[in-house]
Amino acid sequence: MSNYELPAVAAQSESKWTGLGLWNLYFLLKLVLYWLGYLNLQLLPNLAFAAFLLFPLGWRPLRILRTLIAIPIGVALFYQDTWFPPFSRLLEQPGVLDFSWMYMLELLERFINWQLSALILVMLVVYLYLQHWVRLTTFTVLGLGWLSLQQFTDFTPFNQPVLAQIPGAELAALTQPGQAPRAEPDTPTLNSYLQDFYNREAERFIDFSEVATPAEPFDLLLLNVCSLAWDDLSAVGLKENRLFEQMDVIFDNFNSATAYSGPAAIRLLRAGCGQSSHERLYASTPEQCFLMDQLRQLGFNNNVLLNHNGQFDNFIGDVRAQGNLPEPQLDTAGMQRAVVSFDSSPIWRDREVLARWWQQRENRADESVALFYNTTTLHDGNRMVLPNGSTRRADYQELANTLVNDLAAFIQQLERSGRRIVVMIVPEHGANLHGDRMQISGMREIPSQAITHVPVAIKFIGMDIEARNQPARIGGQSSYLALAEIIHRLHAAGPDSPLAWDSLLADLPETPWVAENSGTVVLEYDGKPYVRIKENGTWLPYPARFP
């Protein structure tokens, strides 16, 4: 062989298929995480990316350029394969920039999954050990190819079963006699279901205009509580507590329909109409939807009260504009902050704020008052204020115990007043203490059922209705329209139609489970939750929690 033939042979050798190299670890890690249910692996983009990396390039500068291009693509594709919403949505949240540095650090700690970190370390060591003896690219390509074939089978990642894989005894319980197991609904089916749901809800409303003045006026107190769900109460052992023991009605299956504070408050204040889409919350709305407006026309003097300044993400501005509310009332002079918010603003103790407002209310001659009260005592990232003025990280159980005791004490104060009062405790959403495969603890970008399944409760004080030894439980799927209907029935009751439990609680409006944030929707279809994390995206079964 002549010297002139050597460069050609070398170029030919360099142009051979050289494998994925360290990128094998990238794809094998993805396959393992997908199997464990941590990723929503998109096969076509990943196959195209693998093909881009495998294509033989003979000229070394081209291979270097390809690697430089591949690194940001690989990072973006990995993020795209997670359950996280589009990164652009995070940038659209101006309030994120107002988080305190301590809260930022706390969130960073939660993002570190030590089990996954250990798994990555083990896979790295195994890769470095085997790469000298095993052509790992073969396993990577076979894994991606095999996974592609599963699109035409019943394969499902770990902890995400389909009916066809459920044992016979369990399968029989999920299907009607003589019926075959139902297949997973496709995206067009769920899109159609969602649109039909909103079309039906647009036709539902409670007509307060037909209500006459009641025989006796009463006060209505709507206590809107941030970050309180049944799942959170279970996590800290407070599902049974002294506050709920005092209540007359508890909704066991109430859907707050969103996982964020502003939209949740707006939905409550528009309880007079059926559930709207998130986008419609910020559009023109029929007058009958505005609950406080309807009450004002019935003679209630509307009040607004917060135990915080309401400035974060323009909460009070949006709520007032979209709920037709007056300015918040209460002079906080002399009040000591009990908690510091995640954005470093003060939060006053609920018992003190409510007691001061009630003292002012008793000194006024208003026959009926409708109060909207919002509390952020339980919000993620809050810090307890110490006697010396410094702060420490707050424990949710500690804050929840304080809130329960404060609200229970306030109700006892109301009972001593001798007035006719209806108290409705309506949480905005949960705190997501557990977290799941789609979002870390405290994150609420996706309105999962664990976050939107909230404990709504009602207390009747001084009303002419038979006392109960234990709360009446409402088991049907409910949302804000059911509360508007109860208020309507309370105000409609007169001397000829006294209050009775059967007439007050029977046949309340039920609402199928649909929850929505901006661009993200979770709904229940055929008894199973499904999620769409991108507008006009694909619907997926909501992944089960960690075992």
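## Two helices side by side

Helices α16 and α17 are roughly parallel to each other (angles under 35 degrees count as such). Here α16 covers residues 350-362 and α17 covers residues 396-417; they pack at an angle of about 20°, with axes 9 Å apart. Axes are lines fitted to C-alpha atoms, for helices over the stretch in contact, and angles run from 0 to 180 degrees between N-to-C directions. Their crossing is right-handed, meaning the near helix is turned clockwise from the far one by less than a right angle.

So who touches whom, with contact meaning heavy atoms within 4.5 Å? From α16 come Asp-350, Arg-351, Leu-354, Ala-355, Trp-358 and Glu-362, while the α17 side includes Leu-403, Phe-410 and Ser-417. The residues of this contact split into eight nonpolar, three polar and four charged.

## About the model

This is a predicted model, where local features need pLDDT of at least 70, side-chain atom pairs count only at pLDDT 80 or more, and totals for chains, interfaces and linings use all residues. Residues are numbered from 1 along each chain as its sequence is written, and side-chain values use heavy atoms, with hydrogens and water left out.

## The whole chain

The protein chain has 20 helices and 15 strands; these are DSSP runs (helices H or I, at least four residues; strands E, at least two), numbered from the N terminus. Of its 547 residues, 50% count as buried, that is, under 20% relative accessible area with a 1.4 Å probe, protein chains only. Among contacts between residues at least 6 apart in sequence, 76% join residues at least 24 apart.

Now for α2 (residues 23-36) and α8 (residues 136-149): their axes come within 10 Å and cross at roughly 40°. On the α2 side, the contact uses Asn-24, Phe-27, Leu-28, Leu-31 and Tyr-34, and among its partners in α8 are Leu-136, Gly-143 and Leu-147. This contact has seven nonpolar residues, four polar and no charged.

## A serine in a loop

Ser-478 sits in the loop between β11 (472-474) and α19 (480-492). Is Ser-478 buried or exposed? Its relative accessibility is 3%, so Ser-478 counts as buried. Leaving aside residues up to four places away in sequence, Ser-478 touches Phe-251, Asn-253, Phe-254, Asn-255 and Thr-511.

Terms used: Parallel < 35°, antiparallel > 145°, perpendicular 65-115°, else oblique. Contact = heavy atoms within 4.5 Å. Nonpolar A, V, L, I, M, F, W, Y, C, P; charged D, E, K, R; others polar.
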